[in-house]
Structures are given as C-alpha cells and as structure tokens.
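Please open the structure in your viewer and keep the selection panel at hand. The tour below goes from one selection to the next and says what is there at each stop.

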Amino acid sequence: MRAFDVVVVGGGPRAVSVVERLAARHPDGAPPVRVAVLDRVEPGAGATWRTDQSPLLLNNTYSAHTTIYPDASTPMTGPVTPGPDLITWARESTAPPDRPAWVAAEAAALRPWSYPSRRIQGVYYREQLARAEATGRVRVTRVLGTATGLERTGDADGDGDGARTVLLAGGGTLTGRFVILAQGMVQAERSARERALVAAAERDGLVYIEPGMPAERDWDRVPAGENVLVTGLGANFFDVVALLTEGRGGRFEPAGDPARPARLRYVPGGREPHLVAGSRRGLPYRSKAAYPQGFPPRYAPRLATREWFERIAAVPGQDFRRDVWPQLAREFAWAHLSTLLAHRPGALVAGAAEPDLLAALRAAPDDAAVDAVVAGAVADARWALSVARLDRPRGAGPVDPGTWRRWVREHVEDELDAMHAPLTHPRNTVNRAMAAVRGPVRRLVTRGALDGRSVARDIDGWFTALGLALASGPPPHRTAQVLALIDAGVLDLLGEDTTVTHEDGAFTGRSAVRRDAPVRARAFVETRMSKGIVTDTDDPLLAGLLRTGRARLHHWPSDHGPAPTSGTLDVTPDGFHLLDADGVADERVVVLGIPAEAVQPGSAIGATPGTPSPLLAGADRAAAQALAVVREAGAEPVG
C-alpha cells in the first residue's frame with residue numbers, strides 16, 4: 001500500500017489543475033501535500049493529450065485559448081496565481097532537460113490563432129504539473145496504471161471519515177485521505193453490435209476499426225487503394241482523414257484558384273484508401289473561418305438575448321422544442337439575413353429592411369414560418385436557409401447520383417467561400433450565433449427550466465450535436481484538406497442517415513439520400529467516441545462503482561413520466577461529492593469534469609484566459625475540500 005494525502009484518478013488537464021490549486025492554496029513552509037496522480041496512459045498529459053501521438057492530431061481550439069491557470073474571470077475562493085498560458089509557455093527560452101526534441105520546432109510555429117497539435121498541448125500540461133511541484137508545496141507521485149476499485153479503509157465507526165483506497169489493475173493500491181476522480185473522456189465498452197462486427201471481421205478476413213480515440217487505433221490495418229467505408233463526420237473524422245492521407249505520404253498544395261484562395265490540391269502519396277463516408281447529418285462539421293484579426297468577433301443576439309434567456313429560466317419544466325427552439329431558430333435566421341443585409345444586399349429582394357425582417361421573424365411561430373420569412377427575403381436561391389437543416393445537405397433526398405454530385409459540389413464551393421469571407425458570409429455568422437446561445441441553453445438545463453424528458457430528447461438528443469456541428473468545427477485548413485480530397489476523388493460523401501451493415505462477407509454502406517447502388521467494402525471505420533458517457537463505460541472503476549451501488553446515474557427531473565438519465569454520474573451540486581445508490585454523499589470522494597458534467601456544465605471545455613472556466617473553478621473547489629480534510633487529519637497515519 002502506498003499512502004498519500006490526495007489521490008487523483010486521471011492524469012489530464014483536470015488533474016494538473018487540481019495539483020496547481022493545491023499548491024496555490026497550501027502555505028509556504030508547511031509540509032508538502034502528498035499527491036498521487038494516476039493515469040493509464042501518461043500522468044500529466046492523459047489519454048487525449050498524450051505526447052506520443054501523431055502531430056497530425058490537432059486541437060480544434062486556438063493556441064491562445066489554452067491555459068491551466070485561473071484569472072479574475074473565474075469565480076472561486078482560492079488565490080489567483082500567475083502562470084503561462086500555452087502561447088507564453090511556447091515563447092519561454094528555458095526548457096527542461098526531458099523535453100522531447102520535436103517540441104522546439106512546434107512551439108516556434110505556434111501563433112495565438114493557430115491550432116496546436118494535441119501532443120504539444122500535452123507537453124504543456126505535463127510541464128505545468130512539474131511547475132506546481134517545483135513550488136515545494138506539493139509532492140507528486142506519477143503512477144502509470146488503471147484504477148479498478150475504490151474502497152473505504154480505516155473507518156471502523158462507519159462515519160465515513162476514514163481513508164479511501166484505490167485498487168489498481170494487476171495488484172497494488174493507492175490510499176489517500178481524499179480521492180478526486182478526474183478520468184475525462186472515458187469510453188464505452190463494446191456494444192453487442194460492435195462485438196458482432198468484430199467477430200464478423202475476424203471470420204471473413206475484413207478490417208473493422210471500432211469507435212474510440214484515434215491515437216489508440218491501428219491505422220496501418222486500413223488497406224490502401226480500395227474502398228473504405230467510414231461513418232461519423234465529426235471531429236474524429238478529420239483526424240482519421242489526415243492519418244490516412246497526409247499520414248501516408250500524400251500532401252496538399254495551393255490549387256491556384258484566385259476566386260477561392262483557400263482551395264487546395266491533393267497530391268497522392270500512393271498508399272491512401274478511397275474513403276466513402278457518411279453520417280446521420282450527411283455533411284462534415286462546418287469549418288471554422290480564418291478571421292483577419294485571428295479570432296472571431298463575438299456575436300450579439302438580437303432575439304435570443306440575455307434578457308430573454310433570463311425570462312425563460314424563471315419558468316420551470318418547459319419543453320425545449322416548443323418553448324425555446326423557436327426563438328433560437330429565429331436568431332439563426334436573423335444571423336443569416338443580417339449578414340446579407342450588411343454585406344450582400346443584392347442577394348435580397350428589393351425593399352428588404354431590418355425592422356420588417358425582425359418583425360416578421362418575431363411573428364413566425366415555427367420552423368416552416370421562419371423558413372418562409374427567409375425565402376421571401378432572398379432573391380437568389382443560393383442564399384436560401386432551412387433552420388431545420390443547418391447541419392445537413394440543402395435537400396432531404398432521395399436523389400439520383402447526378403443531383404447528389406451537384407449538392408456535394410455546391411457544399412464544397414460554399415465552404416470555400418465561407419472560409420474566404422469570414423466576416424461577410426452568413427454561414428460563419430450562423431456558426432457564431434450558435435456559439436453564443438448554446439451556453440445559455442445549457443444553463444437553462446441546470447436551472448431546471450426544462451423538463452427532464454425534453455432535456456434527454458431534445459438537448460442531448462439533437463441540439464448538442466447541432467451545436468458541435470456548427471460551432472465546434474475543425475481548423476479551416478483541415479476543412480480545406482477534406483474538400484481537396486473530395487475534389488481529387490479520394491473522399492466520397494455517402495449521404496444523410498448512412499448505415500453500414502455486414503452482408504455476404506463484406507461491409508455494405510447505404511444512405512437515405514443516394515439512389516445509386518450500395519457501396520461494398522472489406523474495411524469499415526467508425527470515427528465516433530462515447531464523449532464521457534458512463535453508462536456501459538469501459539472504465540473499470542466507474543463501472544464497478546455503479547455496479548456495486550457506490551455510485552448512481554444522474555437523472556433529469558420530469559413531470560411527464562420516469563426521470564431520464566443524463567448518462568453521467570450523480571454528484572452533489574456544490575461539492576461534487578460522489579452520491580451512492582441511496583443518495584448518500586461520500587465526503588472524501590469528489591468527481592470532476594466529463595463523467596459528472598450534467599451537474600458541472602461546461603467542465604468538459606478547456607480553460608481559456610480571460611473567460612470563466614468551470615474546469616478551473618471545479619479544481620479549486622476540490623482542492624479546498626481536500627486540504628480541509630488533510631489539515632483536519634494532521635499527522636494521523638493514513639489508512
């Protein structure tokens with residue numbers, strides 16, 4: 001048994017932030033707080049930011065938007081301590097002796113508006129852990145391993161004040177006065193469908209790359225020069241495409257298109273597959289734009305305003321689709337029309353004016369009426385908009401192959417135009433509008449303004465995915481690469497509502513849009529991840545806690561039947577203490593971040609300088625509680 005004051009399970013940015021907060025709160029001269037940081041991949045970086053992954057795997061947020069240090073913008077009770085954000089760290093002249101050789105070149109290329117590789121961000125996190133340790137206020141033991149259980153020890157009177165022991169795979173334990181669970185993006189165990197596909201692939205000599213983190217999959221198994229079916233067109237899709245093209249010797253060069261400078265040309269490396277990709281949406285995440293000042297301007301809502309959200313938040317148990325979405329749909333339509341008014345007035349009918357359009361939108365009761373306002377205002381069909389299809393192809397299909405090719409060509413050209421005109425293309429304004437409203441929508445959930453069934457059906461069911469598709473898209477050069485692959489015939493979009501099945505010894509892909517014959521392939525890649533949902537998780541500690549009743553799932557209250565689960569752990573709303581099956585809190589165990597995000601909205605998002613950070617606020621709260629327990633225990637032995 002190894003004994004510590006605090007044991008942190010999970011070694012990514014939340015763990016680093018907890019250690020930084022412990023150091024910030026602990027006084028000089030006192031014995032250092034003994035902290036164990038346990039991670040199955042790399043303590044200090046974690047699985048997402050592991051430093052041995054390909055440099056082609058990128059973060060999808062700006063370099064300047066990464067820090068581990070809180071500032072005055074984050075509400076917390078602990079002291080604000082200075083420390084470098086990612087860009088400042090990259091400019092520092094001194095480097096520790098164990099820093100990998102490749103870091104210097106990547107750090108020198110970073111700009112505030114660039115997108116860092118995940119591996120260099122992992123080095124940043126790892127070195128901030130060492131920086132906290134260098135204060136002398138914490139003593140960190142980095143443990144590479146997997147937690148499989150959590151037990152109470154030294155609790156003879158049953159009051160819960162004893163230590164907690166984390167069991168490790170392969171034997172061994174870590175015992176601490178306080179335990180913080182910060183596993184981050186836990187994955188799901190194989191579903192029955194995935195087990196069947198694995199078995200079919202093994203039986204028929206096929207290749208199946210199952211869902212999960214791209215850095216943890218064997219991409220050498222994917223065959224070159226033949227059809228490979230791909231499902232999922234989200235963030236992971238862009239990683240997979242990069243690994244199977246640029247990662248295999250292909251390269252991208254400017255196409256020399258004066259009308260669309262962002263257009264690239266793909267020069268094959270000879271080992272890339274022919275990718276046939278689809279999803280429920282049928283389109284990849286919409287690209288971020290390259291803005292003249294580096295960063296996008298903040299969108300100021302005209303309809304779904306802060307005051308409107310406050311009024312909505314005061315009414316409990318509402319239905320999102322009925323009571324909230326119509327106003328958001330009007331806002332997205334206004335974002336579209338206002339950009340045309342300001343920058344492309346010729347695209348609108350004569351006499352279109354702001355007061356009339358806003359009045360018409362305010363009076364529009366549903367999606368069809370909102371679409372009708374847009375249709376009545378635009379003179380060019382190119383600028384039509386359907387608020388129900390913001391993340392999908394313009395038409396619903398099914399269509400003949402020629403029409404589908406035309407739709408894809410229109411999508412390619414429109415994405416390139418949006419990238420070329422970041423401030424004047426309405427698509428970018430709609431994306432910024434989504435970025436402005438999705439946080440307030442999530443706060444409606446935590447304030448009880450939405451009925452639980454509506455949260456499960458509408459927020460978790462489709463709105464969150466819509467927000468990701470519009471406002472969490474890839475770096476613009478990544479989208480330009482994907483569009484170049486479409487131009488080159490290396491990537492073929494299969495369409496909306498794609499399905500892939502195993503039939504007659506091969507994988508077969510179909511969609512609801514294309515009428516041409518199904519696509520057969522001997523390789524199938526699923527790019528999705530479970531996004532931290534703990535139901536059926538492959539994390540043995542969390543699964544065991546749920547199985548034994550030491551933990552329970554969080555549920556959304558509902559007045560319309562059984563309360564649906566959020567798919568995350570239930571914790572106390574203030575201290576984030578783990579709740580067991582009977583609702584009893586374990587005061588010595590705190591859960592931070594993604595596995596309990598329903599009670600900690602926004603904690604999945606990395607910390608940005610100058611912006612309130614739920615991640616950092618949660619770490620500060622956990623550190624305060626841990627130190628209170630450690631100081632109360634004093635010199636008593638652990639266990």
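Begin by selecting helix α6, in which Asn-236, Phe-237, Phe-238, Asp-239, Val-240, Val-241, Ala-242, Leu-243 and Leu-244 are buried, where buried means under 20% relative accessible area, exposed over 50% and partly exposed in between, with a 1.4 Å probe and protein chains only. This is a predicted model, in which local features need pLDDT of at least 70 and side-chain atom pairs count only at pLDDT 80 or more, while totals for chains, interfaces and linings use all residues. Residues are numbered from 1 along each chain as its sequence is written, and side-chain values use heavy atoms, with hydrogens and water left out.

Nine of the 10 residues of α6 (235–244) are buried, so this helix is largely enclosed by the rest of the structure. Helices (H or I, at least four residues) and strands (E, at least two) are DSSP runs, numbered from the N terminus.

Next, select the open sheet of five strands, whose order is β7-β16-β8-β11-β12 with parallel pairing; two strands pair if DSSP finds at least two bridges between them. At the edges stand β7 (207–209) and β12, each with a single partner strand, so one side of each is left without a neighbour in the sheet. From one strand to the next, the twist averages 15 degrees, with axes fitted to C-alpha atoms, for helices over the stretch in contact, and angles running from 0 to 180 degrees between N-to-C directions. Within this sheet, β8 and β16 run parallel and are joined by three bridges, and Thr-231 has Glu-526 of β16 as its bridge partner. Helix α6 lies across β8, β11, β12 and β16, and runs at about 175 degrees to β11.

Now move to the open sheet of three strands, ordered β13-β14-β15 with antiparallel pairing. Its edge strands are β13 (499–503) and β15 (519–521), each of which pairs on one side only. Strand β14 (506–510) is joined to β15 by three bridges, and Phe-507 has Ala-521 in β15 as its bridge partner. Helix α5 (192–204) packs on this sheet, touching β13 and β14, and its direction makes about 45 degrees with that of β13.

Finally, select α7 (306–313) and α12 (426–446), which pack at an angle of about 15 degrees with their axes 10 Å apart. The contact is made by Phe-309, Ile-312 and Ala-313 of α7 and by Val-437, Pro-440, Val-441 and Leu-444 of α12.

Technical notes:
Contact means heavy atoms within 4.5 Å.
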